[in-house]
Amino acid sequence: MPQTPDAEVVRTWCGLALRALGKAREEIDAINVYPVADGDTGTNLYLTVESAARAVEAVFAAHEAAGSTTRPSLAEAVRALAHGALIGACGNSGTILAQLLRGTSQVLAEAAGVEGADSGAVHSGPGTEGAAGGAGLDGAVLLRLALRRAAESGYRAVAHPVEGTVLTVATAAADAAQGAAGDCTAVATAAYEGAAAALESTPEQLAVLGRAGVVDAGGQGLVAVLGALVQTLSGRAPAQSVGGAGIGQHARVEGARPEHARVEHAEPLAAAADAGPDPQDAAAGSVDCAGEAAGAGPAFEVIYLLEADDAAVDRLRTRLDGLGDSLVVVGGDGLWNVHVHVDDAGAAVEAGVEAGRPYRIRITHFGAQDAHSAGRPKQQRERAQRAIVAVVPGEGLAELYGEAGATTVLARPGEPPASGELVDAIRRAHAREVVLLPNDPELRYTAAAAAEQARAEGVRVALIPTRCAVQGIAALAVHEPDRRFDEDVVGMTSAAGATRYAELAVAERQSWTMAGICQAGDLLGLIDGDVAVIGADVTATAAAVLDRMLSAGGEMVTLVLGDEVPEEVSDALAEHVREHHLAVDTVVYRGGRRSPLMLIGVE
């Protein structure tokens, strides 16, 4: 595995960190009691890393679009990481995590030979000033310096640092890394174990955690991110899972790829049923990060991006510190992310106007879950009772789902939608109750984060983890808006779960598969996500896939054909089913542009 940081390492780390936070999101939300018991830290950390990961992916996509034969440089990747986290930071813990990632990125960018990379944003502490400027340092040394810079910059970003929080955990990680010998993997593992041990002690350092019997939520999220770094460098998830039942319990960072299970239970119905007040009683405004709940202290959370110079930001810190608490200002080089809890939200925004140009202003009222986005008027039209929101891979499928009454999000090839796009679709649906169909196993955590955001706005959301568009079609077929919400969700989940799915795709390169070795250009028949058939002809390959799927029984076959598949192929497959599988009906749809070559469903 790689022992020297490069752009691919950064990319993999982002992906694994996002996956780890997706798995741990609900658990982290549940233990969130400080600084406000708002139950959204896991969601906000996920959204912050999602923004960072998408920024890194955009750098790789830009190189590919330009026809470049070289990968992005380390400097390009880490600068994208830092910028993405900064502009997408959500909540108190997300804002601090963005600064931790920025501190890490500064060291790596300097080591990559970027002159003055972020030099004015955060200064290294004693013994590290300028140490990372030379590209000759090995990976282990760079990682030690990066973790130290991250911890120091995190403390500098917070107006009044408190021990027993994510800052303590970050410092423990840096301390453990400093004393570790060996390569990058050894240093990262030491940092992870040091952070996990510090996390266990947070209830002893912060009384509110001790009373609640939980560890710090932000610290637990950082442990997950460090576990992803260990997995990136070693190829294995950390073996350690610190804590038992109660204080200190946190999610183990597991593999990058989910198991190819069938559709499981809908994202808990209890969560949907207890999602909060009736949407008619909640504000119809929107919020980009998860809303916060009632609690002692200031009434509003104010977050905005700010274009300003360093001197103006120093004055802004002093001004905001006198207005409220939980002040965190992160960033540098003229772009900052400002987070503060205040009673006078207008004064906090005015302070930003005096300092520079604030934008993406988000104000959340803790007590009423009332969120306002600057420049976005409240919707006045009557809400529908129930709506379906679905991600679809193809314009033809979007039309099909739309005819069935669903609000759709078009999945672009190689560019899955972000949680913000799903939240926007839920808002467009404008309903009291929403059933969300991601139709892709890779979108499960993204969809879960979007559902949590929508619930914070007062919408009752149930997530059915459909793994393919044909499972979504099966769910839509049994949707009955007049029955009780829970009953409708259970019926749709059952229909989706009873539908096996397959896809025909073209191999991009030679590879080992469960069906043998494929060559570039071969047709691959994937059943429930695994390669089951390798062929050369579309009709023959699809027929072989159908035979395998129908060997276990079935009543209906659904075929979704891409634009490049001629009509005679669907005719031949329908005839094949009639001849070889009695009492099985076949339905054919056109997926349209951007759809896969062929999708197959068997109910």
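The dialogue below concerns cavities and their linings.

Reply: This is a predicted model, in which local features need pLDDT of at least 70, side-chain atom pairs count only at pLDDT 80 or more, and totals for chains, interfaces and linings use all residues. Residues are numbered from 1 along each chain as its sequence is written, and side-chain values use heavy atoms, with hydrogens and water left out.

Me: How many cavities of 30 Å³ or more are there?

Reply: Rolling a probe the size of a water molecule over the atoms shows where empty space is left. A cavity is a set of points, on a 1 Å grid over the protein atoms alone, where a 1.4 Å probe fits but cannot get out; lining residues have an atom within 4 Å of a point. Points are joined across faces, edges and corners, and a volume is the space filled by probe spheres set on them. The count here is seven cavities of 30 Å³ or more.

Me: Which classes of residue form the lining of the largest cavity?

Reply: Ala, Val, Leu, Ile, Met, Phe, Trp, Tyr, Cys and Pro count as nonpolar, Asp, Glu, Lys and Arg as charged, and the others, Gly among them, as polar. The lining of the largest cavity has 21 nonpolar residues, one polar and no charged.

Me: What is the lining of the second largest cavity by class?

Reply: That lining has four nonpolar, eight polar and three charged residues. The second largest cavity holds about 70 Å³ of space.

Conventions. 1 Å grid on protein atoms, 1.4 Å probe; cavity = no way out; pocket = protein on both sides within 12 Å on 5 of 7 lines; lining within 4 Å.
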